[in-house]
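Have a look at the sequence and the model first, then we'll go through them pair by pair.

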Amino acid sequence: MQLLRVVLGLTIALIAVHFRHQEIFTNLAAGSYTIVAKDVNGCTGSAIFTLTAPNPCAGIIINVTATTVNPTSAAATNGSISASAAGSTGFTFNINGGAFQATGNFNNLGQGTFTIVAKDLNGCTGSALFTLTAPNPCAGITITVSSVVINNTPCQTANGSITATGGGGTGPYTYSMNGGAFQPSNIFNSLPAANYTITAKDANGCTGSATITVSDLPAGPLFLAVQNVLQANCISCHNGTTSEGGMNWTVDCNIVNFKDRIRERAVNGNPSVMPPTGSLPASEKLKITNWINAGGRFTD
Ligand code: HEC
């Protein structure tokens, strides 16, 4: 019985060898291999086999930590990152995709966000982001704006002005009006009466604003005297409803703008006297002449 089993077993093995042939290829790297088998008659069959190397980084978690030193200002490049890594051995480090180096110390950095990668001997990597921030140069700084105003003279090209002076920060200052471009000059000219927002900006970009009012100067006494003459003698024919010859003396600036015509008609009677009903008394004509000789402005 024992003998029969052995004979039978050998027979089955021989039959198997007859139909199956085994070949062993060794020392293969990871990759895909096509194996072709050919029989004595040259008939072939083939198959593709893929050998995969074990991932050396499987289960490896590399942690990157660092102590950081911020740059001392927005423009400074004296910040640094000193990175170290844990979770494996033989680390090299790079910053923002640069070349790997033996230490995790990176100096001469400005403000910004930096990616540090740590790589171990097997090429396994870990990374972390570090942000360096410059201190805010305006913290605790209040920029003041003081001003000297010259008010506007009405009834002529606007001539108000603001001379602003920034304080509280680090000079030199630049100045902007009503959100416009900053300029080195602190003087704003040719201003009509209005409220203006003046902003001063110091050398560090810190700003402060003030609302500054340019007013219209009041009417002068010589002008007011002429206005009285016209109200008493002229506005019956020269008002908003009846404005003979196109003239309305109820509007102050019309008196200023047409003063030469007033003098011609009411003082010189050229080409005919105004009012047409009879010449003004000399004392009233003198008020007109005195005002015009003084400059004929709203403020005279
Ligand atoms: C009773 C009505 C009346 C009164 C009052 C009167 N005017 Fe006239 N004014 C006229 C009429 C009409 C005209 C247009 C005809 C002309 O130019 O003569 C005129 C025209 C004018 C003109 C425009 C023509 C120009 O020469 O430039 C001026 C200036 C003028 N008047 C000034 C005066 C002054 C100043 C007074 C007061 C001191 C005055 N008038 C009072 C009726 C009047």
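A disulfide here is a pair of cysteine sulfur atoms within 2.5 Å, and by this rule the count comes to three. Bear in mind that this is a predicted model: local features need pLDDT of at least 70, side-chain atom pairs count only at pLDDT 80 or more, and totals for chains, interfaces and linings use all residues. Residues are numbered from 1 along each chain as its sequence is written, and side-chain values use heavy atoms, with hydrogens and water left out.

**Cys138 and Cys206**
- The sulfurs of this disulfide sit 2.1 Å apart, and with -95° about the S-S bond the link is left-handed.
- Cys138 is in the loop between β8 and β9 (144-150) and Cys206 in the loop between β13 (194-201) and β14 (207-214), so the pair ties together parts 68 residues apart in sequence; strands are DSSP E runs of at least two residues, helices H or I runs of at least four, numbered from the N terminus.

**Cys57 and Cys124**
- These two form a disulfide with their sulfur atoms 2.0 Å apart.
- The torsion about their S-S bond is about -90°, so this disulfide is left-handed.

**Cys155 and Cys253**
- Their sulfur atoms are 1.9 Å apart in a disulfide.
- Cys155 lies in the loop between β9 and β10 (160-167) and Cys253 in helix α3 (residues 252-257), so the pair links parts 98 residues apart in sequence.

**Burial**
- Cys124 is buried at 2% relative accessibility (buried is under 20% relative accessible area, exposed over 50%, partly exposed in between, with a 1.4 Å probe and protein chains only).
- Cys57 is partly exposed at 24%.
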